[in-house]
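Please have the sequence and the 3D view open.

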Amino acid sequence: MLAGEHGYAAQKAMEILVALGKIYGAERLIEIRSAQISGVSYANLGEEGLEFLLKLAEDGKVRVPTTLNPCGMDLEEWAEMGVPEDFADKQLKVIEAYLKLGIEPTLTCTPYLAGNIPGLGDHVAWSESSAVIYANSVLGARTNREGGPSALAAAIAGRTPLYGLHLDENRAPTMLIRAPRISSELEASALGYRVGRMLGSGVPFFKGLGAVSRDQLKALGAGLASSGGIALFHVEGITPEAHRYSGMHAEEEIEVTEKDLREEIELLSESLEDPDLIFIGCPHASIEELTELYLLLGGRRIGRRLWVFASRAVKAQAEKIGLLEKLEELGVKVYCDTCPVVAPLRRLGVKTIITNSSKAAYYLRNIHGVRVQLKPLQELVEDAVR
Amino acid sequence: MRIVLEGRVIREGRAEGEALATRQPISFYGGVDPETGRIIERGHELEGEVIADKILVFPYGKGSTVGSYILLRLRRRGLAPKAIVNQRCEPIIAVGAIIAEIPCVDEVDISVISRGDIVKVEGARVEVWKRRQSP
């Protein structure tokens, strides 16, 4: 493949994998079960990124099931979202290139809620930091924190260099975190954000969280991965590899209190009276979150823009059980394929946002210069019906 | 004075040019302007310098993985460095050099290379002609 006998795409892919293997001292390449590719929004790729993908798509094909991160717009309802036509044209070309490479257009940061569900011990090559940390921690699969091009290279070659989190020795906790009980996705994401910021890297082992839900684990991971370079965590009694380390005495220990969480939320948040947009779904919402939203609304119609971002798979589930229709009747809009972080937000005229995700707050402020207030789902719903 | 260094090939190639050297890591996403090739990171010791057609010498890359695509953008616009010499290459720079087809070598003792030296990169070999010290 490296010599080019399989074409340009295979050669470039192998060149990337061999270079990474060299940098990290990997002994060999191992086969992977799936890949998840980031770098889909035209807003980030630009014209040159698009050209590169088109060139790869001329003779390239992925060898393993491969899913795609969100792009810059809902593919069906981009006009309604307010996405300009010139952007939409370019975005569709990006998606076509990925389709030609044989990639499923799942367009979600939660591939594990859309059919790409690796098992315990499976080697995969995923990009998208919140999906990487979920795959490693909650599913017990094994992936390094890939970038878009390196995950794509692994998908085309069907292999990845054996180093880092693919190896047992790098999956052990490096820090014990004593945490308070968590009661919402917002608290979970704030805990993640704080610990990520304090650690920077490494593998935290959480104690004291109580009975956390799958959605809270999703929020915790997204927080850890956005403020730090963290790609794996364990939760005592909950995550699949935690029992291996239950007797372990971490050399260092950090305590996080409820007060710390409140401070962390304040740090990322400012007070907003009249937000342009209220949204949930960073990372993309699950069917459970949609149900909770519906229950909290209690039949009340919303009085301002409330958007939910979810995968098309989750939206289809909601439609099947009649939940989507009920939410839409109350004025809630469920968008797919995109999220506020990767959409051309300023061009949609959105400058102030209320949401329940620390990750979203961090990126919206830093990349888009948007003003953000963080609130738990319960309070955010009350703002929306006002 | 000529110094010959032996490194490790990240992306094969040969190039010769004037060194733009720094001891600080470089972030291509947000730190280099893809429209002009100018380093725009606030407070960076090379802030304001243009990297186009230089042999860019720095310890390693930092920041977002989108940085790989920025190297590609620079190359397509004719604003890329002629070659990259790193102390310890990491994935952002390695992937960027490969997709943008910029010769790249690492595991080089970059402390012996100064700004303005003439540097020739040929595979793993890095030849440095020291600029004459000003009197």
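B:Val126 sits in strand S10 (residues 125–129) of chain B; strands here are DSSP runs of E with at least two residues, helices are runs of H or I with at least four, and both are numbered from the N terminus. This is a predicted model, where local features need pLDDT of at least 70, side-chain atom pairs count only at pLDDT 80 or more, and totals for chains, interfaces and linings use all residues. Residues are numbered from 1 along each chain as its sequence is written, chains are lettered from A and ligands numbered from 1 in the order in which they are written, and side-chain values use heavy atoms, without hydrogens and water.

Is B:Val126 buried or exposed? Its relative accessibility is 0%, so B:Val126 counts as buried. Buried means under 20% relative accessible area, exposed over 50%, and partly exposed in between, with a 1.4 Å probe and protein chains only. Among the residues that B:Val126 touches are B:Ile3, B:Val4 and B:Leu5, where contact means heavy atoms within 4.5 Å.

Now chain A. In helix H9 (residues 258–268), the buried residues are A:Asp260, A:Leu261, A:Glu264, A:Ile265 and A:Leu268. They span an arc of only 140 degrees around the axis, which puts them on the same side of H9(A); the arc is taken from the directions from the helix axis to the C-beta atoms. Exposed residues A:Lys259, A:Arg262 and A:Glu266 are on the face turned away from that buried side. The cover over the buried residues of H9(A) includes helix H7 (185–199) and helix H13 (358–368) of chain A.

Definitions and conventions: Lists of a residue's contacts leave out its neighbours within four places in sequence.
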